[in-house]
Amino acid sequence: MYQYDQYDQAMVDARVAEFRDQVERRLAGDISEDQFKPLRLKNGLYLQLHAYMLRVAIPYGTLSSRQMRMLGDIADKYDRGYGHFTTRQNIQYNWIKLQDAPDILADLASVEMHAIQTSGNCIRNTTSDQFAGAAADELVDPRPYAELLRQWSTFHPEFDYLPRKFKIAIIGSETDRAAMKLHDIGIQLVQNDAGEIGCKFYVGGGMGRTPMIAPVIGDFVPPLQMISYLEACLRVYNRYGRRDNKYKARIKILVHEIGADEYRRQVEEEFKHILTLGLEPPAAELERIKGFFEQPGFDANASDELDLSDPDFALWVDQNVHAHKQPGYAIVNISLKPVGGIPGDATADQIRLMADLALEHSFDELRVTHAQNIVLPHVKKADLYGLWQKLDEAGLASANLDLIGDIIACPGLDYCALANARSIPVAQKISERFADLGRQRELGELKLKISGCINACGHHHAGHIGILGVDRKGVENYQLLLGGCEGADTSLGTITGPGFNEDGIVDAVEKATDVYLAKRAEGERFVDTFRRIGMAPFKEAIYAKETANG
Amino acid sequence: MVEQTLRFRDDEPVGDPAVTVDAFADQSNATAVRIEPGDDARALLPHLDRLALVEVNFPAYTDGRGYSAARILREHGYAGELRAVGDVLLDQLSHMRRCGFDSFAPNQAISAQAAEKAFATWPEVYQKTVDGRPAIWAKRHPA
C-alpha cells in the first residue's frame with residue numbers, strides 16, 4: 001500500500017486547516033451559504049435532505065486495516081453507527097453536523113485519508129480495479145499509476161473549476177471490473193507487440209442523463225507521458241467544454257459534439273506543446289511509488305486444497321471467491337447486500353471486523369468495489385473457512401456476488417436532495433423477492449442497478465436490469481431498462497416502456513427473469529439472452545398482465 | 001467598478017485601458033488587452049512582446065477558463081502583468097497565482113494581508129506549473 005511521506009501529509013494537513021478556517025468563517029456568518037457551498041463541496045460535504053453528508057475519498061478503493069478501522073470509528077463518533085460505501089469506491093456518512101466536519105477531516109488525516117475533491121466540478125477521486133495486484137488475469141498493476149494520478153489531480157490549480165465534475169478510472173487487466181469506458185477518462189494499461197506498456201485513453205464516456213461509451217482517443221501513450229496527456233485532455237475540455245447548460249457540460253458532450261477525431265486533433269496539438277514544458281514526474285517517481293505496491297510476502301508453499309464439505313461454505317466459495325495470481329491464495333468478496341438490506345451499508349462494528357480480518361488474513365489490505373462490496377485481496381486458501389465463519393456471524397457472508405441480490409443502488413430520495421424517487425426500498429423489495437439463494441444462482445450472473453434520478457449514480461444504464469426512479473406528477477414511478485452492461489462488452493440499457501409503481505417494478509423484474517429462464521440457451525447470461533432475442537418477448541411478458549386482467 | 005488592485009510586481013502599472021481581444025487585433029499600438037472567458041488566449045501569442053497588461057475576466061468565479069488562458073500565456077513566455085478581474089474571491093487566489101496571475105482586481109476588495117495568507121495555503125505543490133515552485137516530485141528526486 002502507498003504510504004504518505006512528509007509532503008503528502010503536509011498537503012492533507014493544510015487542507016484540514018483551510019477547511020477549519022472556511023467552516024469558522026461560515027459559522028461566524030462571514031461568508032454566505034452561496035459562497036460556502038463550492039468550498040464545502042470541494043471537501044465532499046453536501047447538504048442533503050436531513051443533514052450534511054460527508055463523502056470520504058478512498059483513492060482507487062484501497063484501504064489498510066488502520067484506515068478501515070478509522071472509518072468505523074468515525075461512523076460511531078460522528079454518525080449513527082454506520083457508513084455507506086458508494087459506486088465510486090468511496091464511503092459516505094449521511095448524518096454529519098457541520099461543526100464536526102473539520103474534526104472528522106483531522107481524524108482522517110491522522111490515517112492518511114481525506115475528502116479532497118470528492119465533489120465539485122473538479123477531478124474526482126480516481127477509481128480502479130478492485131482486484132488490482134491480485135487478479136490472475138492482470139497485465140500490469142494499475143495502482144502505482146492511480147497513485148501518480150491522485151497526486152497530479154490533487155489541488156490541480158488549472159482544473160479546479162471545470163465545466164463539470166470529472167471522473168477517471170484506470171485498469172491493468174483485460175477484464176474491465178471498473179466500468180472504465182463509462183468514465184470521463186478511462187485508461188487501460190496495455191502491451192504492444194514489442195512488449196512495451198502503454199496507456200490506452202478512452203475519453204468521453206459517462207452515464208447521467210446522456211449515457212455514452214467512451215471512444216478511444218489515445219491508442220498508446222507511453223506511461224511516462226501519461227500526466228502530460230491528461231493535462232492536454234483536461235485543458236481542451238476546460239477551454240471548450242460547454243458551460244451554458246449544466247446538463248451538457250460533461251466532456252462526453254464535447255467529444256460527441258465536435259467528434260472524437262476533432263477532439264483527438266486538439267488534444268494531440270496541446271500534448272505536443274505540453275511535452276515541451278517538462279510537467280511529467282520522472283521515472284524515478286513512478287519507481288518510488290511502485291515500491292509501495294510490491295507483492296506481499298506470500299507463502300510459496302500455500303496449498304490449493306480446500307475442504308468444501310460444509311455446503312454453505314462451498315456455496316460462498318463458489319460465488320464470492322475469485323482466482324488469485326498466487327497459488328494457494330484467493331480473492332475474497334464480502335457482499336454488503338444481505339437479503340432486505342441497504343446496498344453498500346455497513347455498521348461500525350462490521351467495518352471494524354473487516355479491518356481486523358484484513359489485518360489477520362489479507363496482508364493488511366482491503367478494497368472497496370464500485371458494486372458497493374468489500375474485497376480482501378490476498379487470503380490464503382487454508383484460512384478461508386475460518387474467515388467465512390467470522391463473516392457469517394457478523395452477517396457478512398451473503399453468497400450472492402454478481403447475482404440478482406447483489407444490487408447497486410444510489411441513496412435515493414431517502415437521503416439525496418437531487419433524487420426524484422427512493423431507491424433503497426425498491427432494492428430491499430427486490431432483494432426479498434429473490435431471497436432464495438438457489439433461485440438467484442439459477443438465474444446466474446445478473447447485475448441489477450437502481451438510480452433514484454437521471455443522474456444515474458446507481459449506474460442503471462449499465463445494469464443487465466436497470467431501474468430508474470422518476471417523479472411523475474408527484475408520484476414515484478420506476479422505469480425498467482434491459483440489456484445494459486459494463487466491461488469489455490459495454491452496452492447501454494434500453495427502456496422497456498411505461499413505468500411502474502414500487503410493487504409493479506418488482507413484479508416486472510420478476511417477469512423479465514421468467515422470460516430469461518424460459519428462453520435462455522445453454523451457458524447464456526440474462527444479458528446474452530436479451531441480446532439474442534431482443535426486447536419484444538420481454539415487453540410482451542412484462543406488460544401482458546394488465547391487458548389480460550382488463 | 002474595480003477600484004482596488006492587488007499587485008505583486010515591481011514594475012510600474014500600465015495606464016492604458018485594456019481593449020477587447022477583437023479590438024486588439026486592429027490596434028497596433030495597444031499594450032493592454034482584456035480576455036473574456038470565450039476568447040482564445042492563443043490569438044495573443046504573436047503579439048506577446050508588445051503587451052504589458054493582460055486582464056482575464058472572471059464574470060463568475062465558477063468559470064475556470066481563465067486559468068487555462070493564464071497558463072497558456074505564461075507557457076509561451078508572456079512576462080507582463082497578468083491580472084485576474086471580476087468575481088475573484090479569496091479562496092481562488094492561490095490557484096490563480098499558480099497559473100501565472102500576478103495581480104488581482106476583485107469586485108469585492110480583498111486585503112493584502114488576507115491575500116498573502118491565501119497564497120500560503122499550500123505548503124507544497126504536486127504539479128509543476130508556471131509559478132516556478134518546485135513540484136513535490138522534483139523535491140523527492142533532486143536532479
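**Notebook: chains A and B, predicted model**

I began with chain B. Among its contacts between residues at least 6 apart in sequence, 54% join residues at least 24 apart. I note here that the model is predicted.

Next I listed the secondary structure of chain B. I found 5 helices and 6 strands. Read from the N terminus, the elements go β-β-α-β-β-α-β-α-β-α-α.

Then I looked up the dimensions of chain B. Its C-alpha atoms fill a box of roughly 50 × 35 × 30 Å along the principal axes. For 143 residues, a compact globule would come out near 15 Å; chain B has 15 Å, so the two agree. Of the 143 residues in chain B, 41% are buried.

**Where chain A touches chain B**

I turned to the contact between the chains. Chain A gives 29 residues and chain B gives 25 residues. Which helices of chain A each supply at least two residues of its side? I noted α1 (6–27), α2 (33–41), α5 (143–153), α6 (226–240) and α9 (283–290). The largest share of the chain A side comes from α1(A), with 5 residues. I also sorted that side by class. It has 16 nonpolar, 5 polar and 8 charged residues.

**Domains of chain A**

I went on to the domain assignment of chain A. It gives domain 1 (6–109), domain 2 (142–289), domain 3 (326–386) and domain 4 (408–548). I picked out domain 1 and domain 4 of chain A. Their C-alpha centres lie 33 Å apart. The contact between them takes 6 residues from domain 1 of chain A and 8 residues from domain 4 of chain A. On the domain 1 side I counted 2 nonpolar and 4 polar residues, with no charged residues.

**An open sheet in chain A**

Last, I traced a sheet of chain A. It is open and has 5 strands, in the order β16-β17-β18-β19-β20, with mixed pairing. Which strands form the edges? They are β16 (408–409) and β20 (494–495) of chain A, and each pairs on one side only.

I then followed one pair within the sheet. Strands β17 (residues 448–451) and β18 (residues 465–472) of chain A run parallel, joined by 4 bridges. Ile450(A) stands opposite Ile467(A) in β18(A).

Which helix lies across β16, β17, β18 and β19 (475–482) of chain A? I found α13 (residues 424–433) of chain A there. Helix α13 of chain A runs at about 155° to β17(A).

Methods:
Residues numbered from 1 in each chain as written. Chains lettered and ligands numbered in written order. Predicted model: local features only at pLDDT ≥ 70, side-chain atom pairs only at ≥ 80, totals over all residues. Domains from an automatic or database assignment. Contact = placed C-beta atoms within 7 Å. Nonpolar A, V, L, I, M, F, W, Y, C, P; charged D, E, K, R; others polar. Pairing = 2+ DSSP bridges. Axes fitted to C-alpha atoms, helices over the stretch in contact; angles between N-to-C directions. Rg over C-alpha atoms; globule rule 2.2 N^0.38 Å. Buried ≥ 20, exposed ≤ 12 C-beta atoms within 10 Å, placed from the backbone.
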